[in-house]
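Hi everyone, thanks for coming. Let me put the structure up on the screen, and then we can walk through it together.

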Amino acid sequence: MGFTKWRKSRPLGGSLMTIISGLMILWVPLNLYLSTFLPGSIAIIGLLFGGVLTLIGIVALFFPHASKILGIFTIFLSILSVIGALGGFLLGTLFGIIGGALLMAWRLTPVRVKVSPPTEMEKSADTF
């Protein structure tokens, strides 16, 4: 299977945008690692949301038929990431919303079926 055939059978654009969004959201709490793990710090939520968004992007590549529900979770988590990680300076939130929308909009193109006229045996089977 070639890359172009594989790419058309997966929501590649939405998955990559979601992975980039998750990494951008992870970047903020990882740079504040000294204060992230202190008791009462809310930055740990940024680690959680960023990690889950990155994981959702990877899962969407392997399970393309679940892309609609993964897109909903992506949009939800990327908006909530503003609380714990400033949304990756809001660029992560924007990429997450766009990636989630692309995941929700992705659809596998239907396979074209060659229609041939019925044979004599099929015609005789329909009469019974």
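Let's begin at Gly 57, which touches Ser 15, Thr 18 and Ile 19, leaving aside residues up to four places away in sequence. Please keep in mind that what you see is a predicted model. Gly 57 is found in helix H4. Is Gly 57 buried or exposed? Its relative accessibility is 0%, so Gly 57 counts as buried.

Now let's look at helix H4 as a whole. H4 has 20 residues, which should span 28 Å at 1.5 Å a residue. The C-alpha atoms at its ends are 30 Å apart, which agrees. Besides Gly 57, the buried residues of H4 include Ala 43, Gly 46, Leu 47, Phe 49 and Gly 50. Further along H4, Leu 53, Thr 54, Ile 56, Ala 60 and Leu 61 are buried too. And what covers the buried residues of H4? The cover includes H1, H2, H3, H5 and H6.

That brings us to helix H2, residues 12-31. H2 has 20 residues and reaches 29 Å from its first C-alpha to its last, close to the 28 Å expected.

The axes of H2 and helix H5, residues 67-89, come within 8 Å and cross at roughly 30°. That makes H2 roughly parallel to H5, and the crossing is left-handed. On the H2 side, the contact is made by Thr 18, Met 24, Ile 25, Trp 27, Val 28 and Pro 29. On the H5 side, you can find Thr 74, Ser 81, Ala 85, Gly 87, Gly 88 and Phe 89. Sorted by class, this contact has 7 nonpolar, 5 polar and no charged residues.

How do H2 and H6 run relative to each other, parallel or antiparallel? Their axes come within 8 Å and cross at roughly 155°, and H2 and H6 are therefore roughly antiparallel to each other. This crossing is left-handed as well. Among the H2 residues in the contact are Gly 13, Gly 14, Ser 15, Met 17 and Thr 18. They and others in H2 meet H6 residues including Leu 91, Gly 92, Phe 95, Gly 96 and Ile 98. By class, the contact of H2 with H6 has 9 nonpolar, 9 polar and no charged residues.

H5 and H6 also pack against each other, with their axes 8 Å apart and an angle of about 175°. H5 and H6 are therefore roughly antiparallel to each other. Their contact has 11 nonpolar, 11 polar and 1 charged residues.

With a relative accessibility of 8%, Thr 93 counts as buried. It touches Ser 78, Ile 79, Ser 81, Val 82 and Gly 87, again leaving aside residues up to four places away in sequence.

Next, a backbone detail. Most residues other than glycine have a negative phi. Phe 89, in helix H5, has a positive phi of about 60° although it is not a glycine. Phe 89 is partly exposed, with a relative accessible area of 49%. Leu 90 lies in the loop between H5 and H6, and has a positive phi of about 70°.

Last stop: Leu 108, in the loop between H6 and helix H7 (120-126). Leu 108 is partly exposed, with a relative accessible area of 40%. Its contacts, beyond residues up to four places away in sequence, are Lys 8, Ser 9 and His 65. The C-alpha atoms of Leu 108 and Met 121 are separated by 34 Å, and these residues are 13 apart along the chain.

Terms used:
Residues are numbered from 1 along each chain as its sequence is written. This is a predicted model: local features need pLDDT of at least 70, side-chain atom pairs count only at pLDDT 80 or more; totals for chains, interfaces and linings use all residues. Side-chain values use heavy atoms; hydrogens and water are left out. Axes are lines fitted to C-alpha atoms, for helices over the stretch in contact, and angles run from 0 to 180 degrees between N-to-C directions. Helices (H or I, at least four residues) and strands (E, at least two) are DSSP runs, numbered from the N terminus. Angles under 35 degrees count as roughly parallel, over 145 as roughly antiparallel, 65 to 115 as roughly perpendicular and the rest as oblique. A crossing is left-handed if the near helix is turned anticlockwise from the far one by less than a right angle, and right-handed if clockwise. Contact means heavy atoms within 4.5 Å. Ala, Val, Leu, Ile, Met, Phe, Trp, Tyr, Cys and Pro count as nonpolar, Asp, Glu, Lys and Arg as charged, and the others, Gly among them, as polar. The expected span of a helix is 1.5 Å times one less than its number of residues. Buried means under 20% relative accessible area, exposed over 50%, partly exposed in between (1.4 Å probe, protein chains only).
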